[in-house]
Amino acid sequence: MTEPDPRAEARDLLTSLGSAVSSEWSAPGRVNLIGEHTDYNDGFVFPFATPHRTHVAVATRDDGRLRVISTFDAVPVEVAIADLDALFPTVDGDHAVPEWSAYPLGVAWALIQATEADPAKLTGADLAFASDVPVGAGLSSSAAIEGATASALNELWGLGLDRVALAQVGRRAENEAVGAPTGIMDQMASMLGEPDAATFLDCRSLQTEEVDLGFAAAGLSLLVMDTNVKHAHSTGGYGERRASCEKGARVMGVPMLRDLAVADLDRAAELLDDVTFRRVRHIVTENQRVLDTVQTLRTSGPRAIGALLDASHVSMRDDFEISVPELDLAVETAVGAGAIGARMTGGGFGGAAIALVETASVEAVARAVEKAFTAAGFAAPTIFPVTPSAGARRDG
Ligand code: ADP
Ligand code: MG
């Protein structure tokens with residue numbers, strides 16, 4: 001069996017439209033190493049870019065129109081650049097174009113909004129997408145398609161936006177053109193990633209720093225264990241968690257939970273009801289764990305961060321209550337089989353967990369988790385290693 005080659009697939013798809021490739025771009029998905037639900041509390045996150053990427057092949061057009069096509073949906077969607085602002089922002093999530101196309105077309109719209117470019121002066125293009133980022137597996141295929149599109153059009157249109165600005169464009173497209181209320185983490189990781197490094201992001205200031213992970217030199221691998229449990233109840237759960245965080249901050253008299261430190265938790269315990277207190281404790285301790293992870297990597301190397309990953313999982317399971325039995329089983333089994341540390345990652349209520357393991361024991365840990373899922377009567381998980389990789393780039 002030959003490996004899928006999404007770069008070639010994107011090129012072929014573009015060629016099938018009768019267009020000639022003028023440039024090729026790609027952007028990765030992301031995995032969050034630590035820092036969960038901290039983003040909307042103005043806190044810290046620490047994601048890295050995946051080796052899985054979304055590729056786009058670009059051809060220029062001289063008629064001021066954009067045409068997008070994807071291997072997901074081989075019916076092209078075409079609009080005049082001048083008509084984008086009649087399509088977006090979307091109202092009540094009602095799309096005038098097929099939903100997937102709101103990601104790339106929304107990026108085009110958000111680029112114009114951000115730069116106040118004159119649509120009449122912008123070159124038209126055909127954009128063909130192909131990807132090996134699994135959709136809905138917690139790897140953020142949405143940020144990957146946004147990052148690839150934003151990078152390609154930024155250059156085609158000579159806009160000169162930097163990577164942070166392009167991440168903000170991607171977020172705006174997702175929030176306002178697609179209508180999905182997400183933070184900035186995914187786009188930042190996809191735009192800024194570097195090999196064997198993670199992006200330390202302060203969600204308040206948007207300051208970032210690439211921090212070496214040193215997994216390769218230490219002989220460590222990071223396994224993604226996708227439970228294949230879909231985030232069925234996540235919409236309500238996510239909103240409730242956000243509301244608890246807002247309430248906690250209000251009662252504690254701070255703008256955001258980011259403004260509380262671990263030393264404030266005793267006072268929080270006195271002032272807050274039990275549930276709100278535990279939600280607050282997760283955010284406050286999780287922010288501290290992100291800072292500790294960055295510090296620990298610098299002083300002691302990647303083997304020393306296992307306990308922080310484990311503690312993050314316990315906090316999400318017991319205090320934030322966003323785990324599910326499948327995620328708990330994946331984490332416990334991985335650690336029992338020798339993982340250095342493990343935690344659920346992403347928004348919770350399903351999705352994936354990660355485990356930091358010796359590269360030599362990747363197979364053993366994966367087999368142990370699969371066996372445990374079978375024994376528990378759970379659907380089979382999808383387990384694969386991810387190597388922290390480069391962010392968005394031009395490939396050709
Ligand atoms: P994820 O966790 O993977 O980011 P989202 O629901 O946020 O899940 O985004 C997935 C959606 O993004 C898909 O349903 C599709 O609309 C769009 N998408 C992602 N990648 C592609 C692609 N290569 N081609 C077309 N649409 C894509
Ligand atoms: Mg997404």
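Let's start with the sheet in this predicted model: three strands line up in the order β2-β7-β8, forming an open sheet with antiparallel pairing. At its edges lie β2 (44–45) and β8 (208–212), each of which pairs on one side only. If you look at the β2 end, you will find two bridges linking β2 to strand β7 (residues 197–202), and these two strands run antiparallel. To place yourself along that pairing, find V45, which stands opposite L201 in β7.

From the sheet, let's move on to the ligand. Ligand 1 sits in the largest pocket. Around ligand 1 you will meet S70, F72, W100, Y103, S131, V135, G136, S140, S141, S142, I145 and E174. Sorted by class, this shell holds five nonpolar, six polar and one charged residues. Which helix gives the most to the shell around ligand 1? That is α4 (residues 141–156), which supplies three residues.

On S70, a side-chain N or O atom is 2.7 Å from a nitrogen atom of ligand 1. S141 places a polar side-chain atom 2.7 Å from an oxygen atom of the ligand. For S142, an N or O atom of the side chain is 2.9 Å from an oxygen atom of ligand 1. As for how much of the ligand is covered, ligand 1 taken alone exposes 570 Å², and the protein buries 79% of that.

Key. Residues numbered from 1 in each chain as written. Chains lettered and ligands numbered in written order. Predicted model: local features only at pLDDT ≥ 70, side-chain atom pairs only at ≥ 80, totals over all residues. Heavy atoms only, no water. Near = heavy atom within 4 Å. Polar contact = N/O pair within 3.5 Å; in protein donor to acceptor, adjacent residues only side chain to side chain. Areas by Shrake-Rupley, 256 points an atom, 1.4 Å probe, with all protein chains shown as cover. 1 Å grid on protein atoms, 1.4 Å probe; cavity = no way out; pocket = protein on both sides within 12 Å on 5 of 7 lines; lining within 4 Å. Sits in = over half its atoms within 2 Å of the grid points. Helix = DSSP H or I, 4+ residues; strand = E, 2+ residues; numbered from the N terminus. Nonpolar A, V, L, I, M, F, W, Y, C, P; charged D, E, K, R; others polar. Pairing = 2+ DSSP bridges.
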